[in-house]
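Q: I would like to learn how to read the contacts in a model such as this one. Could you take me through them feature by feature?

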Amino acid sequence: MKLRGKVWIFGDNIDTDVIIPARYLNTSDESELAKHCMEDVDPEFTHKITKGDIIVAGYNFGSGSSREHAPIAIKASGISCVIAKSFARIFYRSSFNMGLPIFESEDAVNGIKEGDEIEVDADTGTIKNIISGAIYHSNPIPEFMQELIAAGGLFNYAKKIIKS
Amino acid sequence: MGMTISQKILAKKSGKEFVTPGEIILADVDLAFANDVTAPIAIKFIEELGVDLFNEDKVALIPDHFTPNKDIKSANQCKIMRDFVKKVNLDNYWETGEVGIEHALLPEQGYIKPGMLIVGADSHTCTHGALGAFACGMGSTDLGFAFATGKSWFRVPESIKFIYSGKRNRWVGGKDLILYTIGKIGVAGALYKSMEFTGDTISLLPVEDRLTMCNMAIEAGGKNGIIAADDIAFEYLRNHNVKDGDWDVLLSDEDAEYSDIIEIDTSNIEPQVAFPHLPENSKGLSEIKEDIKIDQAFIGSCTNGRISDLRVAAEVLKGKKVAKYVRLIIIPATVDIYKQALSEGLFDIFLSAGAAISTPTCGPCLGGYMGVLADNEVAISSSNRNFVGRMGSPKSFVYLANPAVVAASAIAGKIAGPDEVML
Ligand code: SF4
């Protein structure tokens, strides 16, 4: 699985309240949630991005509440993956469970700038900056997890492996 | 390069020779459990998929948080669980009258064995690492997946090795060792990581104290706490419904990689008290200079509600009276503990001291019921969390300590050590 897109940079400790403010938690409709993704740090965010774009952030991305709405909002907004220096533990699990691929890499986050175009190879964990040519490394996403992401998350993946 | 016990268990259960920290694996679980708060969502997962449990012997449902039902909402949650249990005819379910707090009940009933991979929809699932298992808490959806498939995915954690050496001081138990440790590394000091407890202090430490230590790994941000199984663990297992040798003992290799090694001299540790509102605010008793008056004292929970905890509390309370206007609430964590305490005469001591004793439940630990705090009230508790509002009003204050200190404080009416009241 290869993911390619333009980079949007965020800082440290981006919490789930910023990713999807609590005032929108009265729905679990994905397209509704997508409209308000990152609204409290960048109200224009969802208008600026194109499908496939990538969020690159600092330490402790997704801290705060355990709401699964946060990775759902990011995924539904069209973001293809998130690269951060580190993720909060519950967000880490929820992202994969909701089918949003995420990667940890300090070097990549330090080296990539807003607006860069990058390509992430999930099989090898390689992150390539198309603009500068720089290469960074993260953990690869194993095959079963790629299947889980492709199925759209844990629930659909359970369906799939039970049938097989 | 060698592996830690945690790595070895995860490798084995995912059919690999070796796993590296940071790697994501899919592994077979040996036990998956949930409680009355978390089970309904996991059950919904199974029912919407229209599948059976992957293996009924490896699933347990434990209604411990709000039982006996505290209100209509919790009664309905429990009913979802009970209806499901009846439908699938699940053996590993305990009704009010037999149920205990999940993390006390499972080891006591022989469900936890060295080498197992255990997942629970409760953050204190890490308790079970005390018997050499890899046990980790996760969300209800994750548990639903485990119920349906028998599998769960993990990011292999890095490990921190804690080496405790030296003799324990009087009144110092597993609770004090772990509060001291959290005070040292902070509530995020072991984030994501496996906390491996070792050293000559640990090799002499009774299993009940080990359970208390691993229980609070999560309070340092840890993914799991783990102690290699040894003769003390085997003895405990034999006495708790496990067939001799029915376990898989894995030990960390000499050349295993640790992200950090922390050495702690146990002989410097005195009974600890964690101040509001974080478990990391721990201080030794002698460092507390001010008088801290209390309104309530609680002995119970999955941290310190076991028989050894009740015995030590009774030792302090014997022939004494709880201070005027102080409520002392004692909750044995399981029915077996309850019976044992009763037969040893501990209840006579508690009742004569003026304590209230309840049937097993989580109750006040999470501000559920059976002792909720009012505005501006102060409690000392043998449980594991003192966050804002954890035991009731967001304006209340919770101090954490071992059962002996809680009992002594109940007598003194203010935070006090056992030696101060046992003159
Ligand atoms: S006793 Fe407290 S910490 Fe333990 S399982 Fe119950 S609510 Fe959670």
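This is a predicted model: local features need pLDDT of at least 70, side-chain atom pairs count only at pLDDT 80 or more; totals for chains, interfaces and linings use all residues.

Q: How many aromatic pairs does the structure hold over all chains, and which pair is stacked?

A: A pair of aromatic rings is described by the distance of the centres and the angle of the planes. Rings of Phe, Tyr and Trp (its six-membered ring) pair if their centres lie within 6.5 Å, and planes under 30 degrees apart count as stacked, over 60 as edge-to-face and the rest as tilted. The structure holds 20 aromatic pairs over all chains; among them, A:Tyr157 and B:Phe145 are stacked, because their ring centres are 5.9 Å apart and their planes stand at 15°. This pair crosses between chains, from helix 8 (residues 154-163) of chain A to helix 5 (residues 140-149) of chain B, where helices (H or I, at least four residues) and strands (E, at least two) are DSSP runs numbered from the N terminus. Both A:Tyr157 and B:Phe145 are buried, a word that stands for under 20% relative accessible area, with exposed over 50% and partly exposed in between (1.4 Å probe, protein chains only).

Q: Which rings form a tilted pair, and where do they lie?

A: B:Tyr164 and B:Phe197 are tilted, at 6.2 Å centre to centre and 50° between the planes. B:Tyr164 belongs to strand 7 (residues 159-165) and B:Phe197 to strand 8 (residues 194-198) of chain B, so that the pair links distant parts of the chain, 33 residues apart. B:Tyr164 and B:Phe197 are both buried.

Q: What is the area buried between chain B and chain A?

A: The size of an interface is often given as the accessible area lost when the parts come together. Here the area buried between the two chains (the accessible area, with a 1.4 Å probe, that two parts lose on being put together, summed over both) is about 2,100 Å², of which carbon and sulfur atoms give 68%. In chain B, the residues that lose the most area to chain A are B:Ile24, B:Trp153 and B:Tyr192, together 35% of what that side buries.

Q: How many salt bridges are counted between chain B and chain A?

A: Side chains of opposite charge can pair when their charged atoms come close. A salt bridge (a side-chain nitrogen of Lys or Arg within 4 Å of a carboxyl oxygen of Asp or Glu) is counted two times between chain B and chain A, and one of these joins B:Arg155 to A:Glu104 at 2.9 Å, N to O.

Q: Which parts of chain B does the salt bridge of B:Asp28 and B:Lys151 tie together?

A: The closest N and O atoms of B:Asp28 and B:Lys151 are 2.8 Å apart. Because B:Asp28 lies in strand 1 and B:Lys151 in strand 6 of chain B, the pair ties together parts that are 123 residues apart in sequence. B:Asp28, at 37% relative accessibility, is partly exposed, and B:Lys151, at 26%, is also partly exposed.

Methods. Residues are numbered from 1 along each chain as its sequence is written. Chains are lettered from A and ligands numbered from 1 in the order in which they are written. Side-chain values use heavy atoms; hydrogens and water are left out.
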